[in-house]
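Hello,

Here is the structure I promised to pass on. Please open it alongside this note.

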Amino acid sequence: MQVTLKISRYNPEVDKTFHYETYTLEAEPTDRVLDVLERIKGQYDGTLSFRRSCAHGICGSDAMRINGRNMLACKTLIRDVGEKITVEPVLGLRIIKDLIVDMEPFFDNYKKVLPYFINDSPLPEDGKERLQSPEARLRFDDTTKCILCGACTTSCPSFWASDEYLGPAALVNAHRFIFDDRDQAAAERLQIVNDVVGVWRCHTIFNCTVACPREIQITKAIGELKMALETGKLD
Amino acid sequence: MKTHQFEVIVVGAGGAGLMAGLYASKTAKTAVISKLYPTRSHTGTAQGGIAAALGNIEKDTPEWHCYDTVKGSDYLGDQDAIEFMTSEAPGIVYELEHMGLPFDRTPEGRIAQRPFGGHTNNETGRPVRRACHAADRTGHMILQTLYQQCIKNKVNFFDEFQVVDLLMVDGKAAGVVAIELATGELHTFHAKAVIFATGGHGRIWEITSNAYALTGDGPAIVARRGIPLQDMEFFQFHPTGIYKLGILITEGVRGEGGVLINGKGERFMSNYAKTVKDLASRDVVSRAMYLEMREGRGINGQNYLYLDVRPETVNKYAALDGRTNPDGSPYTVTGEQILKKLPDIIDFCRTYLGVDPLTQPMPVQPTAHYAMGGIPTNIYGEVLLDENKTVVPGLYAAGECACVSVHGANRLGCNSLVDIVVFGKNAGLHAAEYAQGASFVDLPAAPEQPARAALETFYKGDGSEKVYDLANEMKHEMFANMGVFRIEEGMKHALAKIRELKERLKHVKVSDSGKIFNMELMNAWELQNLLELAEVTTVSALARQESRGGHAREDFPKRDDVNWLKHTLAYAKDGKVELKYKSVAITKYQPKERVY
């Protein structure tokens, strides 16, 4: 089948602002949008720039707006988006070139929530693992799936309005540790997210949940953080 | 041009690079340089588990793990190194747990384990539960956990910097040159010690599980500086890639009881590996699949087979095999349990194939997966220059780009994740220790000049060739003639083709003249790396007149321990490849026939 891609282009060394360029080429319905982008770059226009690596939805490099919605180009098939496809960079982060945005503010927000395991108590005497029940492990399973692609945060109107907002991805990673019963810094992290630019900036719009390519129940996770702050409990 | 100075430079930020960075940072001023954001690294796509004889579910020992790895390597692995790795494995898995890695748990709260190919109870020969897992995203959890620990420990990162050259002065490593992708500017990193942890080069082949990023940058860079590459003819084809796409379907599927089925509806692995059947090592299973397809027993006569993990299929064959739970009760599964244990691969099949593995079998074919060969090192990560194991001062390598050799001619599933953390840690520790006792070597004037000149050549072609086309021709040729089975005529054809493509690469002219994120230039440079490694792989394979592990020759179908129980060292410099050989360390296990 023939597909037409309208792609947002911006080269800061030449352009004052972005513009669209259109490419029409043959594609299979089962091709990934990424496959088509690769073909455009390889055969028609070598200057087209985007990030990609694993090409199957795990590394999180290629979040972009496809027909107005945040998706991973490698996890979106042509048959899912039709013959006319608009491809644009995600919103809310500075465009560096074409589909590549500045991810630094995103990672800076992520780093604010102490996104690492903290437990300074002595290790088990036998040197083996700390015990954790399957139920306790399941409690935070969903939020361990985050690949830091940014699709959620850059779909969030609250983040578009203010990049001071930690954003869904950072809150997901706070959740991953706060609800891990082996970790000892839940109180500290809860204090960090208990802020007007923390969980309270989430207005349950659910864009993040829709955008997440890992199908993490993000709005629910943020809701659990709010509940923990309200009740003082981590149930 | 900017210059930085660090005692230790780590190139690459997957599992090995992050572990090296974490450990080197404890005592030395260290920076980790990576062409990707660290969490984009390919470690994150590893699925099934990390092998360690914890014995959490049934009896297991590091000795068994050692023997299984030696046997899996088809006796080409160095037994001293394998013994070191397998004895370190339980401790390093506990260390990952202590870093917060969310392993799945047994009812007792211990790390959960599942069976995996080639890992056996050495008394019964049957599969043993040795793969420590976190659903089917164990690599993701390892990568995330290590990156988190690096943030916690304030490790220095240079993200999206592509290293393009290694600086050597008087035979010692002295730093690297890298391009900052966001600006196109070249940076010189002056160092006392350099650790390469750049991963594999599976993009040489058409059907591959490997990320776009896996272009063998590290091995190609060091080879240009006169360092040999070891055992490059041994490349693993994983049995179960998604048909045509190559996306990996974990061996954990078979660990949970899934079976391979041919076009006649037969579970054919029982004809090739009587005891462990579908859980034989990967080289054995991939060859069996090719033989089935060649005999016309692919699905509808096509070049694919089915991987079937539907609960009714699993339960049928588990009953036939007499498989039991740890308490002795018969092993059975439900769809819900399969979904819980293998959520990601079920998602892949639904997304890319529209196939639901709980109700339909998955179409699979062998996919290029893992480089057993690479930069020769010892167990400390020190790079070795020759057959006498002469150490290159200040130069280290770890992970898939290195060859210790713990995988020999064929790697067992779940051993790569052990490899990256054990040897990443050791390389980091030893590089930092070396840096303590060493001083910075003076760099030559304009150290970035060779790299700059090399990159500029990609603007000087006549534009009659495109990187995209050359890459496709390489991948197609290598998959056809340097795949699961090899024969002299085919390999010679591949070698001629690769040499032709190297010539044609000179005609490429990069059209993007900008500096900012010039990925077209990077892709051209990466293709050069792939072509050079494809040449080394093919030359090494042509010379080795035997079949061993991942190197299966139709014209020399038997293993030949008299003539070929030795490591290949390929020196690729100035367009030529010269071969030498190095002895294999054999300590406890004399080579014998490999039967599964």
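Below is what I found, topic by topic. Please keep in mind that this is a predicted model.

The contact between the chains

Chain B puts 44 residues into the contact, and chain A puts in 42 residues. On the side of chain B that touches chain A, five helices of chain B supply at least two residues each: H3 (79–98), H4 (138–152), H10 (343–353), H13 (467–481) and H15 (519–543). H4(B) gives the largest share, six residues. By type, the residues on this side of chain B are 21 nonpolar, 13 polar and ten charged.

H3(B) against H11(B)

H3(B) also packs on helix H11 of chain B, residues 415–437. Their axes lie 9 Å apart, at an angle of about 85 degrees. H3(B) is therefore roughly perpendicular to H11(B). From H3(B), the contact uses B:Met85, B:Glu88, B:Ala89, B:Ile92 and B:Leu96. H11(B) brings B:Val418, B:Asp419, B:Val421 and B:Val422. Seven of the residues in this contact are nonpolar, two are charged and none is polar.

B:Gly72

B:Gly72 sits in helix H2 of chain B, residues 62–72. Is B:Gly72 buried or exposed? B:Gly72 is buried, because 30 other C-beta atoms lie within 10 Å, and 20 or more count as buried. Leaving out residues up to four places away in sequence, B:Gly72 touches B:Gly118, B:Ser281, B:Asn410 and B:Leu412. B:Arg594 is 522 residues from B:Gly72 in sequence, yet the C-alpha to C-alpha distance is 8.2 Å.

Best wishes

Methods: Residues are numbered from 1 along each chain as its sequence is written. Chains are lettered from A and ligands numbered from 1 in the order in which they are written. This is a predicted model: local features need pLDDT of at least 70, side-chain atom pairs count only at pLDDT 80 or more; totals for chains, interfaces and linings use all residues. Two residues are in contact if their C-beta atoms, placed from the backbone, lie within 7 Å. Helices (H or I, at least four residues) and strands (E, at least two) are DSSP runs, numbered from the N terminus. Ala, Val, Leu, Ile, Met, Phe, Trp, Tyr, Cys and Pro count as nonpolar, Asp, Glu, Lys and Arg as charged, and the others, Gly among them, as polar. Axes are lines fitted to C-alpha atoms, for helices over the stretch in contact, and angles run from 0 to 180 degrees between N-to-C directions. Angles under 35 degrees count as roughly parallel, over 145 as roughly antiparallel, 65 to 115 as roughly perpendicular and the rest as oblique. A residue is buried if 20 or more other C-beta atoms lie within 10 Å of its own, exposed if 12 or fewer, and partly exposed in between; C-beta atoms are placed from the backbone.
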